[in-house]
Amino acid sequence: MVKIVKHTLELVKFSHTLFAMPFALTAMFYAKKQMPPWPLFLKIFACLILARTAAMAFNRLVDAPFDAKNPRTANRHLPTGILSKPYVIGLVIIPGLLFVVTTYFINPLSFWLSPLALMIVLGYSLTKRFTHYTQLFLGLSLGIAPIAAWIAVTGKVEPPALLLGVAVFFWVAGFDIIYSTQDYEFDRQNSLKSLVVLMGPKRALLLSRLFHFIFWVSLGLFAYFMNLYWLGWIGSLFVGVILMAEHGLLKLDQPKKITASFFTANGLLSVVYFVMVSLDLFLHVPS
């Protein structure tokens with residue numbers, strides 16, 4: 001049983017929840033500039049976990065034939081038989097249904113939008129088969145997280161939520177371009193599409209820098225419109241420093257450094273930003 005849990009957490013990359021969740025939690029705190037009631041907090045947190053679990057399991061399920069052929073991914077759980085296909089199908093269906101059910105107990109708008117949100121986060125995994133703009137679809141699938149968290153608290157969509165959504169959209173699209181450079185040759189040979197395949201690795205990385213600049217500007221606009229104090233602005237500045245370090249680490253001929261850039265820099269970025277803007281909200285005492 002312990003091994004199944006361990007392999008399940010590995011399959012859905014539970015540790016990578018650090019990426020988009022801090023921005024969703026930021027939206028949750030800033031929607032009314034206060035900590036939401038604990039029952040609502042737990043429902044939102046559960047929805048984030050459930051939707052991501054279903055999406056990652058679906059990704060591993062539909063990508064299994066390609067993963068088996070790719071040396072970088074051939075040791076994943078489905079190609080090696082560590083987890084069975086019916087089990088992974090269950091990881092898509094059960095969390096997906098629980099996600100929709102949980103939104104029912106949040107508010108009507110969250111519930112009515114939940115099937116659309118689920119379609120978006122699941123649909124990303126199919127896009128590499130028919131469009132080169134797959135990174136934009138991934139950006140959309142994670143970019144809706146802060147918007148959804150805001151809706152869960154307020155029952156409506158407001159401009160600051162959209163700013164955070166736009167920020168996450170460009171951040172995710174930018175770092176997925178970086179990650180996808182590892183599979184450039186494999187994707188080309190197997191007719192899989194991406195911005196990296198369309199533009200080539202070097203030009204795609206220039207686009208990644210542009211996307212990350214837009215991400216940073218969007219965070220600055222969020223800080224401005226939400227009247228963040230100095231801790232929040234320092235958090236935004238820190239994001240810029242991390243992004244510059246991330247792109248400075250990139251070496252296309254050294255895949256391990258690409259992996260380090262992707263996971264370490266982006267995980268650190270999201271957590272530090274969340275901590276700083278949360279401290280800014282809860283510890284600042286107006287003079």
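Predicted model: local features only at pLDDT ≥ 70, side-chain atom pairs only at ≥ 80, totals over all residues.
Residues are numbered from 1 along each chain as its sequence is written, and side-chain values use heavy atoms, without hydrogens and water. Local features need pLDDT of at least 70 and side-chain atom pairs count only at pLDDT 80 or more, while totals for chains, interfaces and linings use all residues.

User: How many aromatic pairs does the structure hold?

Analyst: Rings of Phe, Tyr and Trp (its six-membered ring) pair if their centres lie within 6.5 Å; planes under 30 degrees apart count as stacked, over 60 as edge-to-face and the rest as tilted. The number of aromatic pairs in the structure is 17.

User: Which class does the aromatic pair of Tyr30 and Phe222 belong to?

Analyst: This pair links distant parts of the chain, with Tyr30 in helix H2 (residues 21-30) and Phe222 in helix H11 (residues 201-225), 192 residues apart. Helices (H or I, at least four residues) and strands (E, at least two) are DSSP runs numbered from the N terminus. The ring centres of Tyr30 and Phe222 are 5.8 Å apart with 75° between the planes, and the pair is edge-to-face.

User: Is Phe222 buried or exposed?

Analyst: Buried means under 20% relative accessible area, exposed over 50%, and partly exposed in between (1.4 Å probe, protein chains only). Tyr30 has a relative accessible area of 3% and is buried. Phe222 has a relative accessibility of 0%, so Phe222 counts as buried.

User: Which class does the ring pair of Phe213 and Trp216 fall into?

Analyst: Both residues lie in helix H11, three residues apart, about one turn of the helix. Phe213 is partly exposed at 49% relative accessibility, and Trp216 is partly exposed at 34%. Their ring centres are 6.5 Å apart and the planes are at 50°, so the pair is tilted.

User: Which residues of the largest nonpolar core touch the most other members?

Analyst: A nonpolar core is a set of buried Ala, Val, Leu, Ile, Met, Phe, Trp, Tyr and Cys residues joined through side-chain atoms within 4.5 Å. Ring pairs link Phe23, Trp171, Phe175, Phe215 and Tyr273 into a cluster. Of the 81 residues in the largest core, those that touch the most other members are Phe23, Tyr30, Trp171 and Phe215.

User: Which helix gives the largest share of this core?

Analyst: Leu48 is found in helix H3 (residues 38-69) and is buried, with a relative accessible area of 19%. Contact means heavy atoms within 4.5 Å; not counting residues up to four places away in sequence, Leu48 touches Met21, Ala24, Leu25 and Ala145. The largest share of the core is 15 residues, from H3.

User: How are H6 and H7 oriented to each other?

Analyst: Axes are lines fitted to C-alpha atoms, for helices over the stretch in contact, and angles run from 0 to 180 degrees between N-to-C directions. Angles under 35 degrees count as roughly parallel, over 145 as roughly antiparallel, 65 to 115 as roughly perpendicular and the rest as oblique. The axes of H6 (residues 108-123) and H7 (residues 134-154) come within 10 Å and cross at roughly 170°. H6 and H7 are therefore roughly antiparallel.

User: Which residues does His247 contact, leaving aside its neighbours within four places in sequence?

Analyst: His247 is placed in helix H12 (residues 230-249). His247 is buried, with a relative accessible area of 12%. With neighbours within four places in sequence left aside, the contacts of His247 are Ile178, Leu205, Ser208, Arg209 and His212.
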